[in-house]
Amino acid sequence: MLRVLLVAAMSNHQIRAILEGSPSLGALESLRIKQLEEQSSALRNSVICAFNQLLDLKDLNTGLHSTRLAEWGMRVGQELGLEEAELQNLEVAALLHDIGKMGIPDAILRKPERLDPEEYALMKKHSEFGWAVLRMLPGFERAALHILHHHESFDGKGYPAGLKDTEIPVVSRIVCVIDAFDAMVSSRPYRKGLPYEEAVRRLTEASGTQFDPVVVRTFLSFAQAEMSTVFAAAGTSVSSAL
Ligand SMILES: [Fe+2]
């Protein structure tokens, strides 16, 4: 039973690798592998959906924000030529990047005023909390690592590890840029989203310091043209989110 669960939790990529390394397989074995691939995908999707529902329970906007991030992220990842397995990790990291906020008190998460240093220090723990939870799940270890580093800064001034440049996993660099952009253009109950042009100006200004310039350039090459598509895919419209 445990073996079945472990295999079911493997990514299709991992199952394929085992299949390719095996001696000739009969039709039955091939069928079994196909079933395991389907189980793996279903389990993976169920876990993502369950965690996403938790995010929605905590704060509805966060769930929609995550869905848009996955749309933007996959597009940037494809443009940058990431491999299929890494794209799958990117989707998970984009959807669940802030899952660690489940461990942050609401009084801090929803505080309209500026956080004091102590509160801010606790808020910054959310990337470590997310990593600590997701790394426990077989098949989600790399996505957990990407979540751990989604607030690193390209110049090394981010957190939690102060990694810089290409020390930061590329998936984390992508999530960092699109997370900032989506947060800027989306409205919150306490503030209206920034106009697209202002968000682009801020991304460009922080390109090379906070953000990876290649990721920013790639994202901005299609961002405006795809705003409507991404917001529609996330079940919102640009006008309602702005
Ligand atoms: Fe975050």
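How many salt bridges does the count come to? The count comes to 12 salt bridges, where a salt bridge is a side-chain nitrogen of Lys or Arg within 4 Å of a carboxyl oxygen of Asp or Glu. The model is predicted, so local features need pLDDT of at least 70 and side-chain atom pairs count only at pLDDT 80 or more, while totals for chains, interfaces and linings use all residues. Residues are numbered from 1 along each chain as its sequence is written, and side-chain values use heavy atoms, with hydrogens and water left out.

One of the bridges joins K34 and E38, at 3.3 Å from N to O. These two residues are 4 residues apart in helix α3 (residues 27–58), which separates them by about one helical turn. Helices here are DSSP runs of H or I with at least four residues, strands are runs of E with at least two, and both are numbered from the N terminus. K34 is partly exposed at 46% relative accessibility, and E38 is partly exposed at 48%. Buried means under 20% relative accessible area, exposed means over 50%, and partly exposed lies in between (1.4 Å probe, protein chains only).

Another bridge is formed by the side chains of E86 and R142, again with 3.3 Å from N to O. This pair links distant parts of the chain, with E86 in helix α5 (residues 84–96) and R142 in helix α9 (residues 141–148), 56 residues apart. E86 is buried at 18% relative accessibility, whereas R142 is partly exposed at 43%.

The side chains of K111 and E119 also meet in a salt bridge, at 2.7 Å from N to O. K111 is partly exposed, with 24% relative accessibility. Elsewhere, E198, R201, R202 and E205 form one network, joined by salt bridges that share partners.
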